[in-house]
Amino acid sequence: MASMGTAVSLPNPVLHPHDLNVDLHMHSRASDGVMAPAELVARGVEHGASLLALTDHDTLDGLPEFLEAGADLGLPVLSGVEISVSWGGETLHLVGLDFDPDHPAMGDTLRAMQASRHERARRIDAELMAHGLPSVLDEAMSYAGNPNLIGRAHFARALVARGVCSYTQEVFDRFLTPGKPGYVPQEWARLSDAMGWIQAAGGVPVLAHPARYRLSATAHWALLQEFRALGGHAIEVATGSHSREETRRYQRIAVEQGFAASRGSDFHSVQESRFDVGMAPPLPDATLPVWASRPEWFSRA
Ligand code: AMP
Ligand code: MN
Ligand code: MN
Ligand code: MN
């Protein structure tokens, strides 16, 4: 009989990779989020996250502050980006994780995309005015926390401030999207090029929120095949940009087609986002988390 007070040695608790609170998709005010990169890291700490990546649209400008905040607060953090891609007549988003932010393959090409965003902003403004709306280009620019990166979300916030709409989702329902006033088509990066930049800089490409793309079933299948042929092994499954049904659908697709799965809040702001940093639903069972094979990510503080 064991006496009271005898130290019982228990096995170390083994954390299943699914149980780690990992958030690999979020935006700072360096693109169309509203918070400083360091504030996102602090929120991650508050919400019990184990690993974060900052994935601003077409810019790396937030990364130095984000990586420094991770080191300061002792939270593992990764470099990240969400690159806009044109494929099959649709805009896709390709996330890159854990690359060298100083690699020229990334910075040089993203700067060209930022210039094309400025030119698009002028066209968006002209289109809105052609539909009887006031010019909001200056306000949109003032909402851009980074003068290098103007996007539709900044126009959405400007139109809300003007009282044209009550909230930003209403703006995207009524304007700025295909078939609606203020939408202008844009030629983004080629999928093969964006994959190449991420890989050249040593990063891991992840297809962002695959349920968001308006592609036929055949085109969708072709996209996943092409992504894989280009070296893509992971797709987002649990994301603030998927409904519960979409997350379940992509759970099945990831398992059946052998893709690793990623999880991210896609947090932009408290007002606009479904999930805060570290608060997206967990990855569903049977999926292979993209972080399961990368234990080194958890020592990147
Ligand atoms: P852009 O890259 O400038 O074309 O802007 C894309 C961003 O606009 C997305 O990352 C979202 O932040 C926002 N956005 C686009 N479509 C919608 C939508 N239907 N509802 C809400 N936000 C949207
Ligand atoms: Mn966005
Ligand atoms: Mn996106
Ligand atoms: Mn995003």
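Let's start with histidine 27. Histidine 27 is buried, at a relative accessible area of 0%. Buried here means under 20% relative accessible area, with exposed over 50% and partly exposed in between, using a 1.4 Å probe and protein chains only.

A word on the source. This is a predicted model, where local features need pLDDT of at least 70, side-chain atom pairs count only at pLDDT 80 or more, and totals for chains, interfaces and linings use all residues. Residues are numbered from 1 along each chain as its sequence is written, and side-chain values use heavy atoms, leaving out hydrogens and water.

Now, which residues are the protein donors of the manganese ion, ligand 4? They are His25 (NE2), His27 (NE2), Glu82 (OE) and Asp266 (OD), lying 2.1 to 2.3 Å from the ion. Donors are N, O and S atoms within 2.8 Å of the metal, or 3.2 Å for Na, K and Ca; water is not among the atoms, so sites may look incomplete. In sequence, the donor residues are spaced H-x1-H-x54-E-x183-D. Histidine 27 and aspartate 266 are 239 residues apart. Histidine 27 lies in the loop between strand E1 (22–23) and helix H1 (37–46), and aspartate 266 in the segment after strand E9 (260–264). Helices (H or I, at least four residues) and strands (E, at least two) are DSSP runs, numbered from the N terminus. Aspartate 266 counts as buried too, at 8% relative accessibility.

Next, strand E9. Five of its five residues are buried. On one side sit Ala260, Ser262 and Gly264; on the other, Ala261 and Arg263. In a regular strand, side chains alternate between the two faces of the sheet. E9 pairs with strand E8 (residues 234–239) in the parallel sense, over five bridges. To pair, two strands need at least two bridges found by DSSP. Glycine 264 in E9 is the bridge partner of threonine 239.

Back to E1. It belongs to an open sheet of three strands, in the order E1-E2-E3, with parallel pairing. The edge strands are E1 and strand E3 (77–78), each pairing on one side only. E1 and strand E2 (residues 51–53) share two bridges. Valine 22 stands opposite leucine 51 in E2.

Last, two helices. Which residues of H3 meet H5? Arg120, Ala121, Ile124, Asp125 and Leu128 do, against Arg152, Phe155 and Leu159 in H5. Contact means heavy atoms within 4.5 Å.

Key:
Chains are lettered from A and ligands numbered from 1 in the order in which they are written.
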